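Here is a short report on a predicted model. Keep the sequence and the 3D view open while reading.

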Amino acid sequence: MFSQISTRQFSSSARNAYKVTVLGAAGGIGQPLSLLMKLNPKVTQLSLYDLRLGKGVATDLSHIPTNSTVTGYGPENDGLATALKGSDVVLIPAGVPRKPGMTRDDLFNTNASIVRDLAKAAAENCPNASLLIISNPVNSTVPIVSEVLKSKGVYNPKKLFGVTTLDVLRSSRFLSEVVGTNPANETVTVVGGHSGVTIVPLLSQTKHKDLPKEQYDALVHRIQFGGDEVVQAKDGAGSATLSMAQAGARMAGSVLKGLAGEADITEPTFIDSPLFKSEGVEFFSSRVTLGPEGVKEVHPLGTLSSVEEEMVATAKETLKKNIQKGIDFVKANP
Ligand SMILES: NC(=O)C1=CN([C@@H]2O[C@H](COP(=O)(O)OP(=O)(O)OC[C@H]3O[C@@H](n4cnc5c(N)ncnc54)[C@H](O)[C@@H]3O)[C@@H](O)[C@H]2O)C=CC1
Ligand SMILES: O=C([O-])CC(=O)C(=O)O
């Protein structure tokens, strides 16, 4: 009897105990994100890696009395490989953030090789893990990871996610400010990608579809360029970290719920998507239902207003270039 119970506890289909690894765990996003993962009851092993301070952050978090062990690693003694081994979910917020005047694409030269190398390590040490990419520019770093995984023969498109959840959080918040409601009751689907015009909030699918044009235009602009607001307010000290940690923890929480077999877990996320592949857009963010194998269902965009149709068309053109840039980088710098 006892052995039956223990077997069931560890069977992969009904599991509720997961190893989550954060790469870049000592950074502005990494620290609060790691804290939030420490508070998630599905996480029983939290593994933190950074070039510096990984062990310090882990020791600090390890004093919180939740049901998980926390282990910190640096690059010495094969720390990255050890951090990743056996991971179910890997969150990647490693890399440099923007300063005022920069676009996310300006981060490409620095962050592309960081993400490529971390993806190689993930491919070698936890080829079945769900990988959640936060490092910018997301529109290019996600294709970088897919190319690396393909080159290692372990690419599973159902388990690679670009984290666009912050756009979803901002949409709820900013919409609620305009219409005077509780943001907790405002859900907005955001599709496309994660930068400027590629961020397309589908406000026509909310109950506030008749906003006056001026208000609507200002709201869409604020959602698309919400990141700039934080970059300017931080004045050279980085970009969104705390709201991003909340967004990353929500996305990771949803992926974990999907892995655990919970029903109807849906999030917008930037994935290897069938929606516009025939038009040459390999990755696209839309609502995705998450399940035990990762992506379970990719939802179509649904009915769009004519303005949204135009925004999606513009997003696709920019996305094609951003995606190709990532693919070309790995081809030229394997
Ligand atoms: N997807 C999204 O919605 C958002 C993405 N971001 C992006 O997240 C990234 C991180 O932002 P912050 O945390 O504010 O930056 P940060 O500079 O505060 O932290 C980055 C951390 O990454 C570490 N790191 C650098 N190279 C590494 C490597 N090879 N291996 C492991 N760790 C490494 C650094 O040591 C540092 O601790 C940036 O690229 C930023 O643009 C930021 C906000 C929102
Ligand atoms: O704006 C940035 O550079 C960081 C980011 O992606 C965001 O806040 O959405």
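## R104 and its loop

R104 sits in the loop between β4 (89-92) and α5 (108-125). In this predicted model, R104 has 25 other C-beta atoms within 10 Å, so it is buried. The cut-off for buried is 20 or more.

Setting aside residues up to four places away in sequence, R104 touches R98, N136, P137 and S195.

N136 lies in another loop, the one between β5 (130-133) and α6 (138-151). N136 is buried because 27 other C-beta atoms lie within 10 Å.

Neighbours within four places in sequence aside, N136 is in contact with G95, R104, L107, N111 and T141.

## What UniProt records

The unreviewed UniProt entry places the feature "binding site" at R98, R104, N136 and R170.

## Helices α7 and α10

Helix α7 (residues 165-179) packs with helix α10 (residues 242-259) at an angle of about 110 degrees. Their axes are 8 Å apart. The angle makes α7 roughly perpendicular to α10, because 65 to 115 degrees counts as roughly perpendicular. The crossing of α7 and α10 is right-handed.

From α7, the contact is made by T165, L166 and L169. From α10 come S243, M244, Q246, A247, G248, R250 and M251. By class, the contact of α7 with α10 has five nonpolar, four polar and one charged residues.

## T266 on strand β9

T266 is found in strand β9 (residues 265-272). Is T266 buried, exposed or partly exposed? T266 has 15 other C-beta atoms within 10 Å, so it is partly exposed. That class falls between 12 or fewer, which is exposed, and 20 or more, which is buried.

Leaving out neighbours within four places in sequence, T266 is in contact with R287, V288 and T289. How far from K158 is T266 in sequence and in space? The two are 108 residues apart in sequence. From C-alpha to C-alpha, T266 and K158 are 14 Å apart.

Note on methods. Residues are numbered from 1 along each chain as its sequence is written. Chains are lettered from A and ligands numbered from 1 in the order in which they are written. This is a predicted model: local features need pLDDT of at least 70, side-chain atom pairs count only at pLDDT 80 or more; totals for chains, interfaces and linings use all residues. Helices (H or I, at least four residues) and strands (E, at least two) are DSSP runs, numbered from the N terminus. Two residues are in contact if their C-beta atoms, placed from the backbone, lie within 7 Å. Axes are lines fitted to C-alpha atoms, for helices over the stretch in contact, and angles run from 0 to 180 degrees between N-to-C directions. Angles under 35 degrees count as roughly parallel, over 145 as roughly antiparallel, 65 to 115 as roughly perpendicular and the rest as oblique. A crossing is left-handed if the near helix is turned anticlockwise from the far one by less than a right angle, and right-handed if clockwise. Ala, Val, Leu, Ile, Met, Phe, Trp, Tyr, Cys and Pro count as nonpolar, Asp, Glu, Lys and Arg as charged, and the others, Gly among them, as polar. UniProt positions are given in the numbering used here, feature names are shortened, and annotations may be inferred rather than shown by experiment.
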